[in-house]
Every structure is written in C-alpha cells, then in structure tokens.
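Please examine the model shown below alongside this report, which takes up a few of its local and overall features in turn.

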Amino acid sequence: MSEWDIAVERTINNNVPRVYKTLSQYPYIQDLAKELRKAKLEVLNNLQKYVEQTMESVKRIGGNAYYATNVYEAREIIAKIVGKNKIVVLGKSMVAYEMGLREYLKELGNEVWETDLGEFLIQLANEPPSHIIAPAIHMTRERVVKLLREKLGVEVSENATHEELVAIVRKFLREKFVRADVGITGANAIAADTGSIILVENEGNIRMSTVLPPVHIAVAGVEKIVPTFYHALLEATVQAAYAGLYPPTYINLTSGPSSTGDIEMKRVRPAHGPKEFHLVLLDNGRVKISQDEVLKEALLCIRCGRCHLHCPVYRVLGVNWGVPPFTGPMGAMWSYIVYGDTKPATLCTHSGNCKEVCPMGINIPRVLEKIKWIANDKERNKT
Ligand code: SF4
C-alpha cells in the first residue's frame with residue numbers, strides 16, 4: 001500500500017462513522033442544514049444587495065470592508081494593511097491559498113506562519129493541501145516524525161505518539177502567536193445584517209490569531225455571506241457536524257475590533273483585542289457563476305469535506321484531483337469556478353455518492369456534467 005492509501009484509509013475509518021453517529025445523536029442538524037441551504041440560496045439570488053449590506057454593516061461596527069474582483073486586487077489591499085517586516089499568523093483559509101497570500105506576503109519581507117496544524121505541516125513540507133479541512137491527510141504519523149526532525153531541527157523519537165507530535169508544534173507556534181503583528185483568517189460565514197464573521201475550529205489557533213495580534217484581517221469569498229447573524233450560527237453548527245467534529249471545540253465570532261462598555265456603559269473600541277478589523281470580500285469568478293442556474297449550486301458549499309471521503313475517484317487520485325486547494329468532488333467544481341480549469345470535472349465517474357452525503361444537497365454530478373459540457377463545447381468550437 002502507498003503512503004496515500006494508508007493515510008486515506010485511516011482518515012475514512014476515523015471520520016465517516018463519527019459523522020453518521022453525530023447525525024443520529026443530534027437529529028436536528030439535518031433540519032438546520034435544509035434551513036441553511038434556503039438562506040444561502042437567497043443570498044446567491046441577490047448577491048449584489050447582500051455584498052453592499054455586509055460592507056455597510058462592517059463599517060458600522062468600526063471595521064473596514066473591501067471588495068476585490070480578483071486575487072491581485074485582494075493581495076494589494078492586504079499588503080497595504082500588513083506592510084513589511086511583520087510577523088503574520090495565518091488561520092487556515094482556502095481563499096488565502098487561492099490568492100497565494102502566504103508566499104506573496106513572504107516576498108514582501110514578512111515572516112508568515114500557518115497556524116492550523118495540518119496547514120503548518122504542509123508549509124514545512126512545501127506541498128499543496130490534499131483535503132479541504134485536513135490539508136495534511138496524505139501524511140502518515142511516521143512522515144510527520146521525519147518532517148519535524150528535518151525542518152524544526154528537534155529531537156523526535158521514531159515512536160512519538162500523535163499527542164507528542166502536536167505538543168512539538170504547539171511549543172513552536174506559541175511564540176509566534178504572542179509576537180505576531182497581524183492575524184489573517186478566513187470566515188465560515190459572514191452575517192450581512194451585523195457584519196459579524198464566524199469561524200469554527202478545534203485547535204485554538206483561530207482564537208489566538210483573531211485576538212492576540214493588534215490587527216485582524218478576514219478574507220472570504222462573497223458566497224460566505226448569509227442573511228443574518230442567526231444563519232451564521234447555523235453554518236457553524238452544520239459545518240462542524242458534517243466535518244465530523246461536533247461539537248466543535250471553539251466557535252469564534254468577531255464583530256469589528258475589540259470593544260468595551262465598562263465605563264459609563266459607553267461602548268468604545270479598541271479594548272484588549274485587535275485595534276483594527278478588516279474584511280476583504282473576494283469575487284474571483286464567483287459572481288459570474290452565481291448567475292448560472294446549474295453552476296451556482298457549487299457556491300452553496302460549506303467546506304465540510306464530506307464528499308471527498310465518499311468519492312471513489314478521490315480515494316484513488318487524492319491531491320492529484322483538482323487544483324489545490326480545491327480537491328475532491330467539491331474541488332472539481334471549484335477548480336472551474338476559480339481557475340477556469342475543466343479537466344478535474346472530466347475525471348468524475350458519476351458514482352453519485354457525493355450528492356447523497358452533501359449537507360447542502362448540492363447536485364455535484366449535475367454541476368460537473370455542465371462543466372464537462374462547457375469543456376466539450378470549447379473543443380467543438382476550436383474545429
Ligand atoms: S460539496 Fe457538499 S459535501 Fe462537499 S465539501 Fe461542499 S458542502 Fe461538503
């Protein structure tokens with residue numbers, strides 16, 4: 001068996017039964033997923049209106065909001081806020097990866113660290129992520145032992161346990177959190193009515209990245225907007241459950257810079273946490289896709305990663321299916337949305353498992369069929 005076969009089999013055995021158990025233990029989650037789908041469709045059908053409302057809401061609570069039509073604009077906005085020679089801690093964000101943000105900020109002279117454990121490992125290994133919520137699932141424990149020895153220069157025993165490996169990374173990153181000038185995260189959902197962002201996690205790295213540095217920047221695709229604060233909480237709940245991590249250890253909510261009302265109940269900013277909050281909303285192909293009745297379904301994705309583990313093609317091809325960070329069935333859709341690449345869709349064998357397990361009820365095979373049709377049409381027009 002290859003390293004990939006071993007790693008993915010261990011992951012499936014650890015994760016899939018846990019999701020089924022969660023769904024039977026907390027049956028209300030499936031109803032919440034249906035409610036969330038309706039709310040997200042409402043935003044996609046009125047995207048412009050919700051983008052404007054979100055930006056106004058963020059400004060109203062003391063933050064700054066920006067709209068970027070492509071990754072170049074987004075990187076420029078972020079580079080101006082960050083500056084040079086800063087320490088930047090990154091919370092796992094597919095949009096940051098889509099922008100090539102880590103490398104871009106490093107080229108500008110900043111020290112940049114991924115703080116999600118899996119993302120930190122692939123940063124050390126200089127490899128692309130292989131799964132949307134577990135970017136290093138292609139690495140076995142044995143490989144992580146070697147990687148930490150080589151890249152961090154620390155003593156690690158051949159038989160080090162998972163807990164011991166995590167403790168080594170924890171010690172290394174703790175100092176970075178404390179010294180960081182800027183924390184950059186994604187967002188699981190953004191509430192249009194309040195301008196709040198919500199982030200679900202288990203490690204505590206997001207909590208530290210959003211609270212310890214004086215500046216917090218959140219980057220997110222426009223499809224992350226939901227109508228209300230209530231719907232943002234729904235998305236956090238549903239995403240965690242279908243990712244097999246319910247209840248999540250932390251749900252982080254950020255509404256502008258830190259604040260206090262402790263002197264005469266007058267609410268002032270900042271307090272102990274960040275002095276600045278910036279939200280960068282990214283289009284990069286999403287707005288165009290939202291206008292297509294079939295393809296817009298892909299924008300409902302809440303990045304739970306469930307479709308990956310039920311897909312026979314992903315089990316064979318892994319990171320080689322899709323354009324990183326977009327792998328697996330969702331990645332075959334998103335490789336087209338963001339990069340215009342139709343090839344990943346053409347590798348789909350239409351088993352239909354992805355559609356059966358997707359919490360958003362996305363008809364993934366139908367979306368991929370349409371992308372295949374677009375690819376064929378392009379070929380036809382060449383002749
Ligand atoms: S397409 Fe569905 S199952 Fe796959 S990651 Fe997105 S929400 Fe989850």
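## Threonine 342

Threonine 342 has a relative accessible area of 15% and therefore counts as buried, a class defined as under 20% relative accessible area with a 1.4 Å probe and protein chains only. Threonine 342 is found in the loop that runs between helix 15 (328-339) and helix 16 (343-346), where helices are DSSP runs of H or I with at least four residues, numbered from the N terminus. Leaving aside residues up to four places away in sequence, threonine 342 touches Tyr336, Ile371 and Ala375, with contact meaning heavy atoms within 4.5 Å.

## Basis of the model

This is a predicted model, in which local features need pLDDT of at least 70 and side-chain atom pairs count only at pLDDT 80 or more, while totals for chains, interfaces and linings use all residues. Residues are numbered from 1 along each chain as its sequence is written, and side-chain values use heavy atoms, with hydrogens and water left out.

## Lysine 80

Lysine 80 lies in helix 4 (residues 71-82), and it counts as exposed because its relative accessibility is 70%, the limit for that class being over 50%. From C-alpha to C-alpha, lysine 80 and isoleucine 122 are 27 Å apart in space, and they are 42 residues apart in sequence.

## Domains

The domain assignment, which is automatic or taken from a database, gives domain 1 (46-284) and domain 2 (287-382). Domain 1 contributes 22 residues to the contact and domain 2 contributes 25 residues, and the C-alpha centres of the two domains lie 25 Å apart.

Terms used. Helices (H or I, at least four residues) and strands (E, at least two) are DSSP runs, numbered from the N terminus.
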